Each structure stands twice: as C-alpha cells, then as structure tokens.
Amino acid sequence: METKTAENDNILVVKDLKKYYPINTSIFGRARAHVKAVDGVSFEIERGTTMGLVGESGCGKTTVGRTILRLHDVTDGTVYFNGEDLSKIPKNRLRRMRPKMQMIFQDPYSSLSPRMPVGEIIGEAVREHKIVSKEQYRAYIMKVMRDCGLQPQYFYRYPHEFSGGQRQRICIARAVALNPELIICDEPVSALDVSIQAQIINLMMDLQCEFGFTYLFISHDLSVVEHISKTIGVMYLGSMVEIGNKDQIFDNPMHPYTQALLSAVPMPDPSYKMNRIILQGDIPSPANPPSGCKFHTRCNQCMDVCSKVVPKLKEYEPGHKVACHLYSQD
Amino acid sequence: MWKYIGKRLLLAIVILIGVSIMIYALSMLMPTDYIDRQTAPAVANGTMTLDDVTRLKEIYGLADKSFFGIVKSYSTWLVGAFTGDLGYSFLFGRPVSTVINEYMWTSFILAFIAFILETGISIPMGIRAAVNQYGGYDYTVSVLAMIGTALPSFFLAALLMNVFCIQLGWLPLQGLTSATKIFAADAHMEIFLDKAWHLILPITVLVLLGVGGLMRYTRTNMLEVMNSDYIRTARAKGLPEHTVVYKHAFRNTLIPLVTMLSGSLPGLFGGAMITETVFAVPGIGYIALRATMQGDIPFIMGYNMFLAILTVIGMLISDLMYMVVDPRVKLK
C-alpha cells in the first residue's frame, strides 16, 4: 500500500477513514455513544478518472465526501491528496489548498447564497485565491460561465431567478472556476429531474475531458454512476463492502448487497423478466451497528460466521475487492 | 413602487381611524374622568356642588357618556384631527400637538443614543455568540442577556440610582438639569454637559434592558444562516472565516435585523414611559403617563395617534427596507 501513495497516478488515497458523531452528550459535554457514520473506509482514485460511490441513504456516502475535504473534522484515518495528509495539516494551509479540491453539493437551491449575484458567487473565491489577474478576471468568469452552459449576461442575476438545472450549472461553474484537480460531487443530480440530470452529467463529463478533473461521484442512482464512473465503491452502513472497476461491479457483483442493489435498477424494457432480490427490513442504526458483518441482518446468504466475525476487504480480482464471508477470507 | 407606497398609505388611514375609534371609546368609558378627579376635593368639602361639576363636564365635552354622545364627540374630534387640530390638553392647557412637540425631542435624544449603543453592542455580540455556539462566550453573553431582559426597568433603575446616586454620589438622581446650578445664558457647553451627565443613568438602563433581546435575535438568525448550505459552500471555496461570517452569513442575517430595527421607530419617538418616570426626565413618555393617569382625553388621543402613525410608518419603512437588503424582493 505504501508504494501506491508514492506513485503519482493516485490523486487521492483514503486510508481507514473514520468519522464518528457524538450522541447522548452528558451535561459536561462527554459523549456516551457515537454514531459511526463512516467506519474505516479505504480507497484510492486515479488522477483524471471518476470513482462512483453508491449506497442507500444514510450509509455515510456524503460524510465520506465532506470528511475527505475536512468540511467535517476527521475522527481517525488519513487522507492523502497529492501525497499530502489532509487530515493533519493546519486549517490555514488547508484553506489555501481548497481551490485544488472542490465540492459540488446536492441541493442547488440552498447551496447558493441568496444575496449574491451569480458573477460574484462564481468569482469571489477566484479573487480570494488569485486564480487570474485583476485585468483578466471578468473575461475569465465569463469564459467559465460559457464553458458551463451559462450565458455571460447572467452575471448580475441572482440565484432565485434560475431553474434547478441552471443553478446546478452555477454550482459547477463555481467549482470549475477555481481550476481544481479533484471535485467531489455529492449527489449533484438527485435534486434535478431526469432530462436535466442527463444534461448535467454530460456537462460534467465534457469538463472532465477538457480539463482533466478527477471526480468522486457520490450517488444512490446506479445508472448514473455506471454512466460516469471508471471505478465504483459500494458502501453499507459506514463501511465499504465492495470496490472495483465498473465492469467488475456490474458484470460480476460479488457482495450480496451489491447484487441486491443491482437487481433493483429499473430497466427500460417492460418485457424484461426481473429477478429482484428484495432486502428485508430497514438499514440498522449506525449508532448501534450489528456485530460481525454489518449486513448480516438483511443478507439472504447469511451464515453463522457472519454475525461473529467482521469480514475483511480482500482483493479477489485485480482491483476488485469484496468484504464478505462467502469468499475465502485468508 | 410609488403605487405600492400609495396603496399602503391609503390602508394606513383606515387603520388609523380604527385605532382612534378604539382608543376614544376606551378613554370615554373609563369610570372617572378628568373633571371628577379635579373637582373631587372641592365637592367633598362643599365648595362645589354636583351641578357645578356637571356644568364643567359639559364645557369639557365629557357630560354625555351615552353611545350617541360618544359618537358625536368622537366625530368632532375626528374632523378636528383631519384639519390638523388635535384639541387642547386638559392638563397643560395648551394644544396637544404643541405639548407633544415640546417633550418629544428629549425622549428622542434619550432613545436615539440608547438605540445606537444597543445596536452597536448587541449585534457584534450576537454574531460572536453564534459563531462560537455553546462556547464559553456564548453562554456568558446569553446568561447576561437573559438577566438584562428579565429585569424590570423600574427595579434596575432603582438599583442603579441607589448605587450610583445615593451611595457613591457620582451621578444625579433625577431630572434633566441640576436645580442647584445657575448657568449663564450663553454657557451652552456647560448646559450640554450637565444634561449629558443627567442622561447617563437613563441611557444605561435602556441599553441594559434592550441589549439582551436584540443580541438573542441576532444570534438566532445568525445561527440559522450559519447552518445553511451556502455557508458550507463558502467554506468549501476556501474563503477566510471572517469573509464567511461577515460577507456570507451576516449579510443574510441583515434581512430580519433591518426589518426589526426599522420597526422600532415608535420606540424612538414615543418615549420610555417607565424609565423616564423613574428618573423624572421630562420626556414624552413621562408626560404621557401623567396625562393618562389624569384622564386627559385629548392628550391620550393625540399621543396614541402619534404612536399609531409612527408604527404604521415604521412598518412601511421596514417593508421598503426589505427591498433594499434583499434583492429577491421586488414590491409591486
């Protein structure tokens, strides 16, 4: 693993990332219990590619994204970005690094300041981080807006004058204007309707081709993830259960949870005979996760060992890792 | 925009007439009136007969307390009010508008200085408390604010008077000018300093009482904004924390703040009844309390209409200010 960080093709290496939220705090501020939102997640992303992160709601996908960028503080684990440990560097230096790692948020309605015109939303941080010189500033913002499919005359308009899709374009333009290397997209299309989703996804892929961005694409929509990603990680209750490249995950899902997820993807062909795996019950509370394999309470192939031993994430094919007792754990 | 203001002003007239009807009816239906109060001792020792009292009441227009009598005297008042004549104050024997104008400015100066101090202190405090939510600063300031809000003004005033005027003897007890000093007519500086010296305690009381509420209000609104998604976006942009707090968060907090502050217009001119009374500052609040106790109906009407007009204007201003601070609002 150490050699991999030394290699420069991985822009982001996440090792055993943990994020616990204290609950039931006593009057003196001591936590009696923790919600383990992210509980030991490891993965790496190759420069210029897209990694999809999927899982049902509440499984910690969003927390992973935010914790990587240290919008939340890390409880434990390390995040190497371009070989630098983000989880340790001081806040001020982190702030200076922010342009290199941007985030696109889920809700384009609330993530734009309502009292700022679009040009200012996009340009504020460009000025702050001195991305371009003062003379070029306006032309640069106009160019970014055009790149993202926004007409430059929107410069002085306010966010409430735009539709959801256009607002998400503003959010993308905002991130892109800082010339980032890594963009974490936290469900960037799930607040939009389907026809707009396609436009936004295509815009993001075009921008990736042009500028060579690396995406961490967080979504619960498997068909979107399949379209955009090179590698895919599947999360369940704060842990990574399976990780591999797109074809490995879609053609040969090994973890029962991944199999169930894939079987639930709607097919556009009504005559297609679906063989759905219906999961029983709800996702357990992350404050009190099940013992052993966290998925054993809902797994259709559950064995005795599953409730006792935590399965290790092991590589079975090159790049394809699974954490499941169905496969040899040695 | 002008059409909107015009519409609001027309509406305001309707509101003001409604308010005047209610106040007039209430003051007329009080069990005793000005004449009863003034003549009671004379009637008791036999220097006046009840006939004299009735005759006096007729002169003052207080004799007929039946429904139609009230309607009749109200309409006389209303016609006068429309022509700008609010009548003569029973108590002062001068036109109500003159009395209001005379005492209003003392109150205004007192309230205005207190208002400036209050805003200047409580808004930065609220911002800081919100940024360090549940921190030491937040708790300290919140507890002090609660104490300030919970203290009755007369109690706090009496407490401060006891400490600073009686025990320490640093500040004057009451009034606006020193009774024992005689100033030359052109000693403007000394007169000013003397007044300022007298105003220190009343202003302190007003500020201490007002800071808490405004600080909590700022804190609450600031917290709401600080937890919103676009603040997270601003942080993710890598903006420095003071830009996040003051440019992104505080500017959005301004919307409710400006609305609330421009609604405080009646408070600026209307006087602080209790504080002024305790300190015997000859302001409009002090005068209004005296007039109300005496049943001085023309003054009660004039004063309350004055407050009502200020309230209506204050609300109109706060709606217009909305448009200034919030680019999303376009009034039609």
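**Entry 1: two helices in chain B**

The model is predicted, and I read every value below as computed from it. For H2(B), residues 34–44, and H3(B), residues 50–60, I noted a packing angle of about 155 degrees and axes 10 Å apart. I then looked up the handedness: H2(B) passes H3(B) in a right-handed crossing.

Which residues meet where these two helices pack? From H2(B) I listed Tyr34(B), Ile35(B), Thr39(B) and Val43(B). On the side of H3(B) I found Leu50(B), Val53(B), Leu56(B), Lys57(B) and Tyr60(B).

**Entry 2: contact between the chains**

I turned to where chain B touches chain A. The contact takes 22 residues from chain A and 17 residues from chain B. On the chain B side, the elements that give two or more residues are H9(B), residues 229–236, and H10(B), residues 241–262. H9(B) gives the most to that side, with six residues.

**Entry 3: chain A as a whole**

I counted ten helices and twelve strands in chain A. Its C-alpha atoms fill a box of roughly 70 × 60 × 45 Å along the principal axes. I checked the radius of gyration against the globule rule: a compact globule of 330 residues would have a value near 20 Å, and chain A, with 21 Å, agrees. Buried residues make up 42% of the 330 residues in this chain. I also looked at sequence separation: of the contacts in chain A with a separation of 6 or more, 63% are between residues 24 or more positions apart.

**Entry 4: the four-stranded sheet of chain A**

I traced an open sheet of four strands in the order E2-E1-E4-E5 of chain A, with antiparallel pairing. E2(A), residues 33–46, and E5(A), residues 84–85, stand at the edges; each has a single partner strand, so one side of each is left without a neighbour in the sheet.

Inside the sheet I followed E1(A), residues 10–23, and E4(A), residues 76–81, which run antiparallel and are joined by five bridges. What stands opposite Val14(A) in E4(A)? I found Val79(A) there.

**Entry 5: strand E10 of chain A and its partners**

Next I looked up E10(A), residues 239–245. This strand is mostly covered, with six of its seven residues buried. E10(A) pairs with E9(A), residues 231–236, in the antiparallel sense over six bridges. Across this pairing I noted Gly233(A) opposite Ile243(A) in E10(A). The two strands form a hairpin with two residues between them. In the turn I found Leu237(A) with a positive phi of about 50 degrees.

I also found an antiparallel pairing of E10(A) with E12(A), residues 320–322, this one over two bridges. Here Glu242(A) stands opposite Val322(A) in E12(A).

**Entry 6: helix H10 of chain A**

Last, I asked which residues of H10(A), residues 256–263, are buried. They are Pro256(A), Tyr257(A), Thr258(A) and Leu261(A). I then looked for what covers them. The cover includes E9 and E10 of chain A, the two hairpin strands of the previous entry. It also includes strand E3 (50–54), helix H8 (222–228) and helix H9 (246–251) of chain A.

Key: Residues are numbered from 1 along each chain as its sequence is written. Chains are lettered from A and ligands numbered from 1 in the order in which they are written. This is a predicted model: local features need pLDDT of at least 70, side-chain atom pairs count only at pLDDT 80 or more; totals for chains, interfaces and linings use all residues. The radius of gyration is taken over C-alpha atoms; the globule rule is 2.2 Å times the number of residues to the power 0.38. A residue is buried if 20 or more other C-beta atoms lie within 10 Å of its own, exposed if 12 or fewer, and partly exposed in between; C-beta atoms are placed from the backbone. Two residues are in contact if their C-beta atoms, placed from the backbone, lie within 7 Å. Two strands pair if DSSP finds at least two bridges between them. Axes are lines fitted to C-alpha atoms, for helices over the stretch in contact, and angles run from 0 to 180 degrees between N-to-C directions. A crossing is left-handed if the near helix is turned anticlockwise from the far one by less than a right angle, and right-handed if clockwise.
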